[in-house]
Amino acid sequence: MDFPSLLQFAISGLTVGATYGLTALGFTIIFNTTGVINFAQGEFVMLGGMMSVFAMRALGLPEPAAVALAVVAAVAVGALVERLAIRPVSGRPAIDLVIITIGVSILIRGLAMLVWGKDTFALPPFSGNTPIPLFGAALMPQSLWVLGISLCLLAALKYFFSATLTGKAMLACSFDPKAASLVGIGVRRMVLLSFMISAFVGAVGGAILAPLTMTSYDVGVLLGLKGFAACILGGLGNPFGAAVGGLILGVLESLGAGLVSSAYKDALAFVILLALLFVRPQGLFGRADSKRV
């Protein structure tokens with residue numbers, strides 16, 4: 001295989017992998033605050049794309065306003081999930097909360113099917129669809145939007161958690177919720193905020209990817225699994241690792257489709273992930289847990 005073909009597969013993989021990374025970031029944000037894996041994260045990605053299409057077609061909004069409205073609506077759904085499904089059972093074991101998030105995922109997906117049907121939809125590209133030549137490969141303008149917005153979100157979240165009082169309060173809740181509450185941090189408020197930020201990141205990922213891969217009521221299932229795999233690959237609880245894990249997973253998928261077969265691209269990526277975890281269970285950027293006994 002020649003260099004332009006490899007470059008083309010790498011560009012495609014990085015584009016899709018950026019969305020996997022955003023989904024993985026959503027998993028990480030909620031896990032760091034609550035210790036719970038939110039398997040409804042993929043549905044936030046689906047809502048970002050589907051609500052954008054709905055706002056454009058049904059409400060007649062221009063695309064920027066439609067995407068903004070969709071993201072706000074998805075954030076509201078994230079807040080409702082925390083208030084109605086997670087907070088009432090906050091004292092239950094973590095496995096119970098995980099099962100609840102699976103139920104929430106099924107509910108959101110079912111409601112989306114009833115409202116929008118089973119058809120597949122697409123958003124128009126943000127800035128046209130004329131390919132940009134790059135060393136023999138073709139770079140779609142939407143890929144630049146996906147990569148650029150993903151990098152901006154990653155940088156903003158990095159600043160939020162390292163330089164703002166609210167971000168540090170959320171991290172404090174992840175280390176010791178009781179100690180955080182004793183120093184005046186509203187733990188419940190931080191959990192609510194984590195779900196809202198997670199929904200925001202997921203919805204943005206779904207909206208920017210929809211012009212490339214289209215969207216439907218059930219795309220959140222596979223995107224959620226890929227995001228969770230990226231989260232594990234990079235190291236559970238590490239936001240930087242989650243983003244890098246998504247990029248790696250996307251490139252592996254794209255290369256698998258080009259070098260082997262598109263029918264096996266999903267399986268190949270997960271096989272490589274499992275092989276890596278046998279060697280390094282904590283992921284690429286995670287730290288091995290150690291306990292004194």
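Predicted model: local features only at pLDDT ≥ 70, side-chain atom pairs only at ≥ 80, totals over all residues.

Biologist: What volume does the second largest pocket have?

Modeller: On a 1 Å grid over the protein atoms alone, a pocket is an open set of points with protein on both sides within 12 Å along at least five of seven lines. Grid points are joined across faces, edges and corners, and a volume is the space filled by probe spheres set on the points. For the second largest pocket this gives about 620 Å³.

Biologist: Which residues lie nearest the centre of the second largest pocket?

Modeller: Lining residues are those with an atom within 4 Å of a point. The lining of the second largest pocket has 32 residues. By class there are 16 nonpolar, 12 polar and 4 charged residues, where Ala, Val, Leu, Ile, Met, Phe, Trp, Tyr, Cys and Pro count as nonpolar, Asp, Glu, Lys and Arg as charged, and the others, Gly among them, as polar. Nearest the centre are Val16, Tyr20, Leu209, Thr213 and Lys265.

Biologist: Which element gives the largest share of the lining of the second largest pocket?

Modeller: Helices (H or I, at least four residues) and strands (E, at least two) are DSSP runs, numbered from the N terminus. Elements that each supply at least two lining residues include helix 2 (41-57), strand 2 (137-139), helix 8 (187-213) and helix 11 (265-279). The largest share, 7 residues, comes from helix 1.

Biologist: Why does lysine 265 count as partly exposed?

Modeller: Lysine 265 is in helix 11. Leaving out residues up to four places away in sequence, lysine 265 touches Glu253 and Ala257, a contact being heavy atoms within 4.5 Å. Buried means under 20% relative accessible area, exposed over 50% and partly exposed in between (1.4 Å probe, protein chains only). Lysine 265 is partly exposed because its relative accessible area is 32%.

Biologist: At what angle do the axes of helix 3 and helix 8 cross?

Modeller: Axes are lines fitted to C-alpha atoms, for helices over the stretch in contact, and angles run from 0 to 180 degrees between N-to-C directions. The axes of helix 3 (residues 63-86) and helix 8 come within 8 Å. Their crossing angle is roughly 145°.

Biologist: Is arginine 87 buried or exposed?

Modeller: Arginine 87 is in the loop between helix 3 and helix 4 (94-116). Beyond its neighbours within four places in sequence, arginine 87 is in contact with Glu82, Arg188 and Leu192. Because its relative accessibility is 18%, arginine 87 counts as buried.

Biologist: What is the phi of methionine 214?

Modeller: Methionine 214 lies in the loop between helix 8 and helix 9, and at 45% relative accessibility it counts as partly exposed. Methionine 214 is not a glycine, yet its phi is positive, at about 65°.

Biologist: What relative accessible area does threonine 215 have?

Modeller: Threonine 215 also lies in the loop between helix 8 and helix 9. Not counting residues up to four places away in sequence, threonine 215 touches Met46, Gly49, Met50, Val53, Asp119, Thr120, Phe121 and Ala210. Threonine 215 is buried, with a relative accessible area of 3%.

Biologist: How far apart in space are valine 115 and lysine 168?

Modeller: Valine 115 has its place in helix 4 and is exposed, with a relative accessible area of 58%. Valine 115 and lysine 168 are 53 residues apart in sequence. From C-alpha to C-alpha, their separation is 39 Å.

How values were computed:
Residues numbered from 1 in each chain as written. Heavy atoms only, no water. 1 Å grid on protein atoms, 1.4 Å probe; cavity = no way out; pocket = protein on both sides within 12 Å on 5 of 7 lines; lining within 4 Å.
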